[in-house]
Amino acid sequence: MLPGPHNAVTDVAGVRVGHVTLERPGWLTGTTVVVPPPGTVGGVDVRGGGPGTRETDLLDPRNLVDAVDAVVLSGGSVFGLATADGVVQGLYAAGRGWPVGGGPGGGPGGVVPIVPAAILFDLGRGGVFDHAPGAADGRAALDAAVAGPVASGSVGAGTGARAGGLRGGVGTASVVLGDGTTVGGLVVVNAVGSTVDLRTGEPYAVRHRLGEEFGDLPPADPALLARHVRALAEEQAAVRAGTATTLGVLVTDATLTKAQCAKLAGLGQDGLARAISPVHTAYDGDTVFALATGTRPPPGPVDLVVLQTAAADVLTRAVGHAVLAATSVDRTADGGLATASWRDALVGH
C-alpha cells in the first residue's frame, strides 16, 4: 500500500479542504473546513472527556439524516462553533443541503445544509482570551476549500494548537488499498498527551510511516529532551479540564452505511492512541468524523477490516505530519504563550 498522490485527505476524489489562519498580534487561532462531494454519508466517535460539538446527534445511525455537506474543525473553544454558521450560509447559497421542501428537487429555498462541527481549546494563546473565529471565518474557509495539496502544520484550526508542550497543528495523510479504495484523513492535534516518545524524542507516528514520507529525521538532543520532559511534567501537573482536544476527519470513497462510518470513526480514534499518549483524557475532547463518498462498491467482510485498519493507520500518520510541519511561535509580548516546534525544542534547529 502507498499514499495517494498528495498524501492528503483530498486524494479521495471530490474532497476539498479550506483553512483560515488568524495569526497576528493578539490572535493565534483558525478554522478548517472539509467539504466532501454531495451524497456523502457520515458518522462520528467522541471519546474525550471535554468535547465541544455541533450536529453530531444527526450522525447517530438511528437518526434520519445520512448525508453530510461539510465538516468544520475550529479553534476558539465554544465561541468557535459559530464558524459553522458561516459554512451553513455558504452552502445554502449554493443550493446544497438536505431537501426539506421548496421547489422541485429541493432548490435553494428548500434545503438545510448538514454541517457537523467540533472545536478545540486555544483561547488566550495569542494574547487575548476571547479572540476566536466566527461565522465570517467559517465562510472564508469554505470559500478557500480546494482539492489537491493540503497545507499542514501551524495553519487553520491548528494555528493555536499545542500537544504535549510542543506546538501542534494540522496534519493529513492517505493510502490507496490493494483494491483501489482510497482512505484519507486530516487531524488537528491539540492534546494534553505527548506526541513523542519521551525516552527517545522521536514522534510515535514515525513508526507507522509508509515509505519515506517523513524523510530522514535528526535524532533528539539528549539535553533538550531532558529539559522538555521536565517542562512537560510541570505543564501536565497544572492542566485544567477542557483545555485540549484532538480532532480528526476520515474520508473514503467506499460505500458505507452510517453505522459503518461510526465504526470507522472509532477505529480512527485507535489511530490517535498510537500517536498520542495519553489520549482521550478527561481534559481532551477528542472527536473523529468518518465520511464515505460511495463512489466505489461496498467492501466485503475481509475488505472492511482492511479498510478499518488503514483508517487507523492514516490518522496515526497524519498526527506525525502535523507535529513535524509545525513551527515555533512566541506571543508572550501580547500576553500569550511561547511554544516551540518539535525541531526547535528537541533537535535544536
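This is a predicted model: local features need pLDDT of at least 70, side-chain atom pairs count only at pLDDT 80 or more; totals for chains, interfaces and linings use all residues.
Trainee: How many bridges join E1 to E2, and what makes them a pair?

Mentor: Nine bridges join E1 to E2, and the strands run antiparallel. Two strands pair if DSSP finds at least two bridges between them, so nine bridges make E1 and E2 a pair. The names follow DSSP runs numbered from the N terminus: helices are H or I with at least four residues, and strands are E with at least two.

Trainee: What do E1 and E2 form, and which residue in the turn has a positive phi?

Mentor: E1 and E2 form a hairpin with two residues between them. Gly26 in the turn has a positive phi of about 85 degrees.

Trainee: Which strands form the open sheet, and what is the pairing?

Mentor: Five strands form it, in the order E1-E2-E5-E8-E4, with mixed pairing. Strand E1 (16–24) and E4 are the edge strands, as each pairs on one side only.

Trainee: What joins E5 to strand E2 and to strand E8?

Mentor: Strand E2 (residues 27–35) and E5 run antiparallel, joined by four bridges. E5 and strand E8 (residues 117–119) run parallel, joined by three bridges. Val72 is the bridge partner of Val33 and also stands opposite Ala117 in E8. Thr32 stands opposite Leu73 in E5.

Trainee: Which way do the residues of E5 point, and are they buried or exposed?

Mentor: Val71 and Leu73 point one way, Val72 and Ser74 the other way, and all are buried. In a regular strand the side chains alternate between the two faces of the sheet.

Trainee: Why is Asp69 called buried?

Mentor: Buried means under 20% relative accessible area, exposed over 50%, and partly exposed in between, with a 1.4 Å probe and protein chains only. The value for Asp69 is 6%, so Asp69 is buried. Asp69 lies in the loop between strand E4 (53–54) and E5.

Trainee: What makes the pair of Asp69 and Arg96 a polar contact?

Mentor: A polar contact is a pair of N or O atoms within 3.5 Å; within protein, one must be able to donate a hydrogen and the other to accept it, and residues adjacent in sequence count only if both atoms are side-chain atoms. The side chains of Asp69 and Arg96 make such a contact at 2.9 Å. The side chain of Asp69 also reaches the backbone nitrogen of Ile114 at 2.8 Å.

Trainee: Why is Thr287 called buried, and what is it in contact with?

Mentor: Thr287 has a relative accessible area of 0%, so it is buried. Contact means heavy atoms within 4.5 Å. Leaving aside neighbours within four places in sequence, the contacts of Thr287 include Val44, Asp45, Ala118 and Gln269. Thr287 lies in strand E14.

Trainee: What is the relative accessible area of Ala173?

Mentor: Ala173 has 0%, and is therefore buried. Ala173 lies in strand E11 (residues 169–176). Not counting residues up to four places away in sequence, Ala173 touches Asn7, Val183, Val314 and His321, among others. Ala173 and Thr316 are 143 residues apart in sequence and 8.8 Å apart in space, C-alpha to C-alpha.

Trainee: What span is expected of helix H4, and what does the helix reach?

Mentor: The expected span is 1.5 Å times one less than the number of residues. Helix H4 (residues 258–275) has 18 residues and reaches 26 Å from its first C-alpha to its last, close to the 26 Å expected. The buried residues of H4 include Cys261, Leu264, Leu267 and Leu272. Among the elements that cover the buried residues of H4 are strand E3 (41–46), strand E14 (287–292) and helix H5 (301–325).

Note on methods:
Residues are numbered from 1 along each chain as its sequence is written. Side-chain values use heavy atoms; hydrogens and water are left out.
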